[in-house]
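User: I am new to this structure and would like to go through it by way of questions and answers. Could we begin with how its charged side chains pair?

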Amino acid sequence: MNDKRTAGKILQDISQSLDHFTKETAVPGLLGGYTGAALFYAYYYQLTGKQKHLKKAHQLLERGVQDMAGTALPYSHCSGIAGMVWNIQHLIKAGFVNEDGMDDIFEDVDDILGEAMLTAVQQGQHDFLHQGLGIALYFLERGEHPKAKHYLTSLVSSLAATAVKMEDGISWQDHLTGLGAKPQEVTFNMGLAHGVPAVISVLGMIHQQGIAVTATNDLIRKGISWILKGENSPEEGLIALYPVLTDADHQALTGKQSRLGWCYGDLGIATLLLNTGIWLQDNTYQEKALHIFHHTLTHRNSKNGNVHDACLCHGSAGIAHIYRRAWLRTKDPALLTGATNWLQETLQMNTHKDAPRGFRFYAKDGYENSYGILEGVAGIGLALIAAIDETTDPSWDRCMLLC
(Lines give C-alpha, C1' and ligand atoms only; values in the text may rest on other atoms or scores of the structure.)
Protein backbone atom coordinates (compact mmCIF):
# COMPACT_ATOMS: atom_id res chain seq x y z
CA MET A 1 0.00 0.00 0.00
CA ASN A 2 1.23 3.48 -0.89
CA ASP A 3 0.27 5.29 2.32
CA LYS A 4 0.70 8.81 0.95
CA ARG A 5 -1.35 8.13 -2.16
CA THR A 6 -4.11 6.47 -0.14
CA ALA A 7 -4.10 9.32 2.37
CA GLY A 8 -4.29 11.84 -0.47
CA LYS A 9 -7.42 10.20 -1.85
CA ILE A 10 -8.99 10.11 1.60
CA LEU A 11 -8.24 13.81 2.07
CA GLN A 12 -10.14 14.66 -1.13
CA ASP A 13 -13.20 12.88 0.23
CA ILE A 14 -12.84 14.44 3.69
CA SER A 15 -12.74 17.87 2.07
CA GLN A 16 -15.96 17.12 0.20
CA SER A 17 -17.67 15.78 3.33
CA LEU A 18 -16.73 18.98 5.19
CA ASP A 19 -18.21 21.00 2.31
CA HIS A 20 -21.58 19.38 3.05
CA PHE A 21 -21.15 19.67 6.81
CA THR A 22 -20.40 23.39 6.76
CA LYS A 23 -23.24 24.18 4.36
CA GLU A 24 -25.92 22.50 6.45
CA THR A 25 -26.38 22.47 10.23
CA ALA A 26 -22.83 23.03 11.46
CA VAL A 27 -22.37 24.99 14.69
CA PRO A 28 -19.35 27.15 15.56
CA GLY A 29 -16.52 25.86 17.70
CA LEU A 30 -12.87 24.99 17.19
CA LEU A 31 -12.72 21.35 18.22
CA GLY A 32 -16.26 20.26 17.37
CA GLY A 33 -17.74 22.78 14.95
CA TYR A 34 -17.13 24.42 11.60
CA THR A 35 -14.23 26.51 12.97
CA GLY A 36 -12.20 23.31 12.90
CA ALA A 37 -13.13 22.81 9.28
CA ALA A 38 -11.58 26.21 8.54
CA LEU A 39 -8.34 25.01 10.12
CA PHE A 40 -8.44 21.88 7.96
CA TYR A 41 -9.07 23.84 4.77
CA ALA A 42 -6.15 26.18 5.48
CA TYR A 43 -3.66 23.36 5.91
CA TYR A 44 -5.18 21.46 2.98
CA TYR A 45 -4.55 24.55 0.89
CA GLN A 46 -0.94 24.51 2.05
CA LEU A 47 -0.66 20.88 0.96
CA THR A 48 -2.38 21.24 -2.42
CA GLY A 49 -1.85 24.88 -3.37
CA LYS A 50 -5.48 25.10 -4.46
CA GLN A 51 -6.95 28.53 -3.71
CA LYS A 52 -10.49 27.17 -3.38
CA HIS A 53 -9.58 25.57 -0.06
CA LEU A 54 -8.16 28.81 1.33
CA LYS A 55 -11.29 30.62 0.16
CA LYS A 56 -13.42 28.15 2.14
CA ALA A 57 -11.33 28.81 5.23
CA HIS A 58 -11.83 32.57 4.85
CA GLN A 59 -15.59 32.15 4.36
CA LEU A 60 -15.86 30.12 7.55
CA LEU A 61 -13.84 32.66 9.51
CA GLU A 62 -16.21 35.42 8.35
CA ARG A 63 -19.16 33.27 9.37
CA GLY A 64 -17.56 32.74 12.76
CA VAL A 65 -17.13 36.46 13.32
CA GLN A 66 -20.83 36.95 12.53
CA ASP A 67 -21.83 34.16 14.92
CA MET A 68 -19.70 35.61 17.73
CA ALA A 69 -21.44 38.95 17.25
CA GLY A 70 -24.97 37.62 17.04
CA THR A 71 -25.08 34.38 19.03
CA ALA A 72 -24.72 33.60 22.73
CA LEU A 73 -21.68 31.33 22.86
CA PRO A 74 -19.66 29.88 25.74
CA TYR A 75 -16.17 31.22 26.38
CA SER A 76 -14.39 27.86 26.29
CA HIS A 77 -11.58 26.64 24.06
CA CYS A 78 -13.37 23.54 22.79
CA SER A 79 -16.70 24.91 21.61
CA GLY A 80 -16.68 28.62 22.41
CA ILE A 81 -15.30 32.04 21.61
CA ALA A 82 -11.78 31.38 22.92
CA GLY A 83 -11.18 28.58 20.46
CA MET A 84 -12.65 30.56 17.59
CA VAL A 85 -10.44 33.59 18.13
CA TRP A 86 -7.45 31.31 18.77
CA ASN A 87 -8.04 29.94 15.30
CA ILE A 88 -8.11 33.40 13.73
CA GLN A 89 -4.89 34.33 15.53
CA HIS A 90 -3.23 31.09 14.51
CA LEU A 91 -4.14 31.41 10.83
CA ILE A 92 -2.86 35.00 10.79
CA LYS A 93 0.47 33.95 12.31
CA ALA A 94 0.72 31.02 9.88
CA GLY A 95 0.21 33.36 6.94
CA PHE A 96 -3.18 32.05 5.82
CA VAL A 97 -5.12 35.18 6.75
CA ASN A 98 -4.40 38.90 6.41
CA GLU A 99 -4.53 40.60 9.79
CA ASP A 100 -5.93 43.87 8.39
CA GLY A 101 -9.18 44.72 10.13
CA MET A 102 -8.87 41.94 12.70
CA ASP A 103 -7.61 44.03 15.63
CA ASP A 104 -11.12 45.14 16.61
CA ILE A 105 -12.21 41.53 17.05
CA PHE A 106 -9.41 40.77 19.48
CA GLU A 107 -9.80 44.05 21.37
CA ASP A 108 -13.49 43.26 21.85
CA VAL A 109 -12.85 39.88 23.45
CA ASP A 110 -9.56 40.37 25.34
CA ASP A 111 -11.04 41.55 28.63
CA ILE A 112 -14.14 39.37 28.39
CA LEU A 113 -12.09 36.21 27.93
CA GLY A 114 -9.37 37.28 30.34
CA GLU A 115 -11.76 37.91 33.21
CA ALA A 116 -13.72 34.73 32.43
CA MET A 117 -10.49 32.71 32.49
CA LEU A 118 -9.29 34.11 35.80
CA THR A 119 -12.68 33.81 37.48
CA ALA A 120 -13.04 30.18 36.42
CA VAL A 121 -9.52 29.18 37.50
CA GLN A 122 -9.84 30.96 40.83
CA GLN A 123 -12.97 28.86 41.41
CA GLY A 124 -11.05 25.66 40.65
CA GLN A 125 -12.48 25.24 37.15
CA HIS A 126 -9.21 24.11 35.55
CA ASP A 127 -10.60 21.90 32.79
CA PHE A 128 -8.73 22.59 29.54
CA LEU A 129 -11.48 21.81 27.06
CA HIS A 130 -14.58 23.18 28.75
CA GLN A 131 -13.63 25.54 31.58
CA GLY A 132 -11.15 28.32 32.23
CA LEU A 133 -7.73 26.88 31.43
CA GLY A 134 -8.16 26.50 27.68
CA ILE A 135 -8.84 30.21 27.25
CA ALA A 136 -5.13 30.72 27.95
CA LEU A 137 -4.28 29.36 24.49
CA TYR A 138 -5.90 32.42 22.93
CA PHE A 139 -3.62 34.73 24.91
CA LEU A 140 -0.61 32.54 24.16
CA GLU A 141 -1.35 32.87 20.46
CA ARG A 142 -1.81 36.64 20.97
CA GLY A 143 1.95 36.82 21.48
CA GLU A 144 3.50 39.94 22.94
CA HIS A 145 0.32 42.01 23.12
CA PRO A 146 0.16 43.79 26.52
CA LYS A 147 -3.25 42.29 27.36
CA ALA A 148 -1.91 38.80 26.68
CA LYS A 149 1.04 39.28 29.01
CA HIS A 150 -1.20 40.79 31.69
CA TYR A 151 -3.71 37.95 31.71
CA LEU A 152 -1.12 35.19 31.42
CA THR A 153 0.85 36.64 34.33
CA SER A 154 -2.35 36.78 36.38
CA LEU A 155 -3.17 33.20 35.36
CA VAL A 156 0.15 31.98 36.74
CA SER A 157 -0.68 33.63 40.07
CA SER A 158 -4.15 32.05 40.08
CA LEU A 159 -2.75 28.60 39.32
CA ALA A 160 -0.20 29.01 42.10
CA ALA A 161 -3.00 29.97 44.51
CA THR A 162 -5.23 27.03 43.56
CA ALA A 163 -2.48 24.38 43.58
CA VAL A 164 -2.79 21.68 46.22
CA LYS A 165 0.53 21.36 48.05
CA MET A 166 1.71 17.86 48.93
CA GLU A 167 4.87 16.16 50.15
CA ASP A 168 5.89 15.09 46.66
CA GLY A 169 4.92 18.24 44.76
CA ILE A 170 1.74 20.06 43.82
CA SER A 171 -1.39 19.22 41.87
CA TRP A 172 -4.74 20.71 40.90
CA GLN A 173 -8.00 19.17 41.99
CA ASP A 174 -10.49 17.90 39.43
CA HIS A 175 -13.88 19.62 39.70
CA LEU A 176 -15.54 18.45 36.49
CA THR A 177 -15.04 15.01 35.08
CA GLY A 178 -15.72 12.66 37.99
CA LEU A 179 -15.14 9.55 35.86
CA GLY A 180 -16.90 7.29 38.30
CA ALA A 181 -15.45 8.73 41.51
CA LYS A 182 -17.62 8.75 44.62
CA PRO A 183 -19.56 11.93 45.45
CA GLN A 184 -17.51 14.46 47.43
CA GLU A 185 -14.34 12.44 46.81
CA VAL A 186 -11.27 14.63 46.24
CA THR A 187 -9.88 13.61 42.87
CA PHE A 188 -6.97 14.47 40.59
CA ASN A 189 -7.22 13.91 36.85
CA MET A 190 -4.15 12.55 35.05
CA GLY A 191 -5.40 13.17 31.50
CA LEU A 192 -4.15 15.77 29.05
CA ALA A 193 -7.67 16.72 27.96
CA HIS A 194 -9.03 17.67 31.37
CA GLY A 195 -6.41 17.21 34.06
CA VAL A 196 -3.13 18.13 35.69
CA PRO A 197 -0.99 17.53 32.56
CA ALA A 198 -2.95 20.27 30.80
CA VAL A 199 -2.33 22.74 33.63
CA ILE A 200 1.40 22.05 33.50
CA SER A 201 1.40 22.25 29.69
CA VAL A 202 -0.13 25.72 29.77
CA LEU A 203 2.39 26.80 32.40
CA GLY A 204 5.15 25.48 30.15
CA MET A 205 3.89 27.42 27.15
CA ILE A 206 3.75 30.57 29.29
CA HIS A 207 7.30 29.91 30.47
CA GLN A 208 8.43 29.49 26.87
CA GLN A 209 7.13 32.97 26.09
CA GLY A 210 9.29 34.44 28.84
CA ILE A 211 6.42 35.32 31.15
CA ALA A 212 6.75 34.77 34.93
CA VAL A 213 9.66 32.43 34.26
CA THR A 214 10.69 31.93 37.89
CA ALA A 215 7.17 31.17 39.07
CA THR A 216 6.34 28.90 36.14
CA ASN A 217 9.61 26.98 36.50
CA ASP A 218 8.76 26.26 40.14
CA LEU A 219 5.17 25.24 39.45
CA ILE A 220 6.11 23.06 36.48
CA ARG A 221 8.81 21.14 38.33
CA LYS A 222 6.65 20.56 41.41
CA GLY A 223 3.70 19.50 39.24
CA ILE A 224 5.83 17.08 37.23
CA SER A 225 7.24 15.67 40.48
CA TRP A 226 3.72 14.89 41.66
CA ILE A 227 2.75 13.24 38.37
CA LEU A 228 5.85 11.03 38.25
CA LYS A 229 5.16 9.80 41.78
CA GLY A 230 1.85 8.52 40.50
CA GLU A 231 3.36 5.91 38.19
CA ASN A 232 1.81 2.49 38.66
CA SER A 233 3.85 -0.12 40.48
CA PRO A 234 4.54 -3.15 38.25
CA GLU A 235 1.80 -5.78 38.33
CA GLU A 236 1.17 -8.85 36.23
CA GLY A 237 -1.17 -7.96 33.38
CA LEU A 238 -0.89 -4.19 33.97
CA ILE A 239 0.34 -2.46 30.82
CA ALA A 240 -0.50 1.20 31.57
CA LEU A 241 2.15 3.20 33.36
CA TYR A 242 -0.26 5.82 34.70
CA PRO A 243 -3.91 5.67 35.84
CA VAL A 244 -6.71 8.06 34.87
CA LEU A 245 -7.93 9.35 38.22
CA THR A 246 -6.25 9.33 41.63
CA ASP A 247 -6.57 10.71 45.12
CA ALA A 248 -3.96 12.94 46.75
CA ASP A 249 -1.90 9.89 47.74
CA HIS A 250 -1.78 8.55 44.18
CA GLN A 251 -4.25 5.77 44.85
CA ALA A 252 -6.03 4.96 41.60
CA LEU A 253 -9.75 5.57 42.04
CA THR A 254 -11.13 3.97 38.87
CA GLY A 255 -8.52 1.28 38.25
CA LYS A 256 -4.86 1.51 37.29
CA GLN A 257 -5.41 0.86 33.61
CA SER A 258 -5.71 3.72 31.09
CA ARG A 259 -6.40 3.87 27.37
CA LEU A 260 -3.95 4.72 24.61
CA GLY A 261 -4.81 8.16 23.27
CA TRP A 262 -4.48 11.90 23.52
CA CYS A 263 -7.18 12.53 26.11
CA TYR A 264 -6.05 10.06 28.78
CA GLY A 265 -3.16 7.74 29.38
CA ASP A 266 0.56 7.41 28.94
CA LEU A 267 0.91 9.24 25.62
CA GLY A 268 -0.34 12.53 27.05
CA ILE A 269 2.06 12.32 29.99
CA ALA A 270 4.96 11.42 27.68
CA THR A 271 4.11 14.41 25.48
CA LEU A 272 4.06 16.69 28.51
CA LEU A 273 7.44 15.42 29.67
CA LEU A 274 9.01 15.78 26.23
CA ASN A 275 7.76 19.33 25.90
CA THR A 276 8.81 20.16 29.47
CA GLY A 277 12.33 19.01 28.71
CA ILE A 278 12.41 21.50 25.85
CA TRP A 279 10.77 24.36 27.79
CA LEU A 280 13.09 23.99 30.78
CA GLN A 281 16.10 22.68 28.85
CA ASP A 282 16.22 19.62 31.10
CA ASN A 283 17.19 16.33 29.43
CA THR A 284 15.97 14.23 32.35
CA TYR A 285 12.37 14.97 31.40
CA GLN A 286 13.01 14.09 27.77
CA GLU A 287 14.66 10.81 28.75
CA LYS A 288 11.64 9.89 30.87
CA ALA A 289 9.34 10.80 27.99
CA LEU A 290 11.20 8.50 25.60
CA HIS A 291 11.00 5.69 28.15
CA ILE A 292 7.22 6.04 28.26
CA PHE A 293 6.91 6.32 24.47
CA HIS A 294 9.02 3.19 23.97
CA HIS A 295 6.94 1.33 26.55
CA THR A 296 3.75 2.13 24.63
CA LEU A 297 5.34 1.11 21.34
CA THR A 298 6.28 -2.26 22.81
CA HIS A 299 3.25 -3.07 24.92
CA ARG A 300 0.20 -1.27 23.53
CA ASN A 301 -2.03 -1.99 20.55
CA SER A 302 -5.53 -1.15 19.39
CA LYS A 303 -7.09 -3.92 21.48
CA ASN A 304 -5.46 -3.28 24.85
CA GLY A 305 -5.38 0.45 24.14
CA ASN A 306 -9.17 0.64 23.75
CA VAL A 307 -8.88 2.08 20.24
CA HIS A 308 -12.13 1.79 18.31
CA ASP A 309 -11.94 4.57 15.72
CA ALA A 310 -9.56 6.95 13.99
CA CYS A 311 -10.28 10.23 15.82
CA LEU A 312 -7.63 12.55 17.28
CA CYS A 313 -9.02 12.39 20.80
CA HIS A 314 -8.50 8.68 21.45
CA GLY A 315 -8.24 7.05 18.05
CA SER A 316 -5.59 5.82 15.68
CA ALA A 317 -5.00 9.11 13.83
CA GLY A 318 -4.37 10.88 17.12
CA ILE A 319 -1.93 8.20 18.23
CA ALA A 320 -0.11 8.36 14.88
CA HIS A 321 0.17 12.12 15.13
CA ILE A 322 1.45 12.09 18.71
CA TYR A 323 4.25 9.72 17.69
CA ARG A 324 4.97 11.84 14.61
CA ARG A 325 5.12 15.03 16.67
CA ALA A 326 7.49 13.33 19.11
CA TRP A 327 9.65 12.10 16.20
CA LEU A 328 9.85 15.63 14.80
CA ARG A 329 11.26 16.75 18.14
CA THR A 330 13.65 13.86 18.80
CA LYS A 331 14.32 12.13 15.45
CA ASP A 332 14.06 8.83 17.31
CA PRO A 333 13.43 6.29 14.51
CA ALA A 334 11.25 4.10 16.73
CA LEU A 335 8.76 6.95 17.01
CA LEU A 336 8.57 7.34 13.24
CA THR A 337 7.95 3.61 12.92
CA GLY A 338 5.16 3.90 15.46
CA ALA A 339 3.65 6.84 13.59
CA THR A 340 3.77 4.89 10.33
CA ASN A 341 2.17 1.79 11.84
CA TRP A 342 -0.69 3.78 13.36
CA LEU A 343 -1.15 5.70 10.12
CA GLN A 344 -1.61 2.41 8.32
CA GLU A 345 -4.14 1.36 10.93
CA THR A 346 -5.97 4.66 10.39
CA LEU A 347 -6.14 4.06 6.64
CA GLN A 348 -7.99 0.81 7.37
CA MET A 349 -10.50 2.35 9.80
CA ASN A 350 -12.79 3.87 7.14
CA THR A 351 -15.12 0.90 6.85
CA HIS A 352 -18.48 2.44 7.80
CA LYS A 353 -21.20 2.95 5.25
CA ASP A 354 -23.04 6.29 5.10
CA ALA A 355 -20.20 7.98 6.98
CA PRO A 356 -17.83 10.81 5.99
CA ARG A 357 -15.20 8.93 3.97
CA GLY A 358 -16.11 5.81 5.95
CA PHE A 359 -14.95 7.16 9.33
CA ARG A 360 -17.14 7.17 12.40
CA PHE A 361 -16.55 8.20 15.99
CA TYR A 362 -17.09 5.55 18.69
CA ALA A 363 -19.34 7.29 21.20
CA LYS A 364 -21.05 6.13 24.38
CA ASP A 365 -24.04 4.68 22.55
CA GLY A 366 -22.16 3.34 19.53
CA TYR A 367 -20.69 4.68 16.32
CA GLU A 368 -21.82 8.03 14.96
CA ASN A 369 -20.79 10.46 12.24
CA SER A 370 -18.55 13.29 13.42
CA TYR A 371 -16.91 16.15 11.54
CA GLY A 372 -14.88 18.16 14.04
CA ILE A 373 -11.22 18.22 14.95
CA LEU A 374 -11.38 16.35 18.23
CA GLU A 375 -13.69 13.50 17.33
CA GLY A 376 -14.26 13.71 13.59
CA VAL A 377 -12.89 13.80 10.09
CA ALA A 378 -11.46 17.35 10.23
CA GLY A 379 -8.99 16.11 12.84
CA ILE A 380 -8.29 12.89 10.97
CA GLY A 381 -7.64 15.01 7.89
CA LEU A 382 -5.18 17.27 9.70
CA ALA A 383 -3.25 14.22 10.94
CA LEU A 384 -3.14 12.81 7.40
CA ILE A 385 -1.88 16.13 6.03
CA ALA A 386 0.91 16.11 8.63
CA ALA A 387 1.83 12.57 7.61
CA ILE A 388 2.02 13.48 3.92
CA ASP A 389 3.78 16.84 4.30
CA GLU A 390 6.85 15.95 6.34
CA THR A 391 8.56 19.28 5.66
CA THR A 392 5.93 21.51 7.31
CA ASP A 393 5.59 21.94 11.06
CA PRO A 394 2.00 20.92 11.92
CA SER A 395 1.67 23.85 14.31
CA TRP A 396 -2.13 23.50 14.35
CA ASP A 397 -1.62 20.89 17.07
CA ARG A 398 -0.92 23.65 19.59
CA CYS A 399 -4.69 23.70 20.01
CA MET A 400 -4.31 20.25 21.60
CA LEU A 401 -1.23 21.08 23.70
CA LEU A 402 1.07 18.91 21.59
CA CYS A 403 3.83 21.47 21.03
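Analyst: Glu107, Asp110 and Arg142 are linked in a network of salt bridges, a salt bridge being a side-chain nitrogen of Lys or Arg within 4 Å of a carboxyl oxygen of Asp or Glu. The model is predicted, so local features need pLDDT of at least 70 and side-chain atom pairs count only at pLDDT 80 or more, while totals for chains, interfaces and linings use all residues. Residues are numbered from 1 along each chain as its sequence is written, and side-chain values use heavy atoms, with hydrogens and water left out.

User: What is the N to O distance in the salt bridge of Glu107 and Arg142?

Analyst: The side chains of Glu107 and Arg142 meet in a salt bridge, and this pair links distant parts of the chain, with Glu107 in helix α5 and Arg142 in the loop between α6 (136–141) and α7 (146–162), 35 residues apart. Helices (H or I, at least four residues) and strands (E, at least two) are DSSP runs, numbered from the N terminus. The N to O distance is 4.0 Å.

User: Is Arg142 buried or exposed?

Analyst: Buried means under 20% relative accessible area, exposed over 50%, and partly exposed in between, with a 1.4 Å probe and protein chains only. Glu107, at 40% relative accessibility, counts as partly exposed. Arg142 has 13% relative accessibility and therefore counts as buried.

User: Which residue forms a salt bridge with Asp13?

Analyst: Asp13 is partly exposed, with a relative accessible area of 30%, and the closest N and O atoms of its salt bridge are 2.7 Å apart. Asp13 lies in helix α1 (residues 3–23) and its partner in the loop between α13 (333–346) and β5 (361–363), so the pair ties together parts that are 344 residues apart in sequence. The partner, partly exposed at 26% relative accessibility, is Arg357.

User: How many salt bridges does a search of the whole structure find?

Analyst: Another pair is Glu235 with Lys256, whose closest N and O atoms are 2.4 Å apart. Glu235 lies in the loop between α9 (213–229) and β4 (245–246) and Lys256 in the loop between β4 and α10, so the pair ties together parts that are 21 residues apart in sequence. For the whole structure, the number of salt bridges found is 14.

User: Why does the span of helix α10 agree with what its residues should give?

Analyst: The expected span of a helix is 1.5 Å times one less than its number of residues. Helix α10 (residues 266–279) has 14 residues and should therefore span 20 Å. Of these 14 residues, 13 are buried, so that α10 is mostly covered.

User: What is the phi of Asp354, which is not a glycine?

Analyst: Asp354 is placed in the loop between α13 and β5, and at 72% relative accessibility Asp354 counts as exposed. Ala212, in the loop between α8 (196–208) and α9, also is a residue other than glycine with a positive phi, near 50°. For Asp354, phi is positive and about 55°.

User: How far apart are the C-alpha atoms of Ile105 and Pro356?

Analyst: Ile105 is in helix α5 and, at 15% relative accessibility, counts as buried. Along the chain, Ile105 and Pro356 are 251 residues apart. Their C-alpha atoms are separated by 33 Å.
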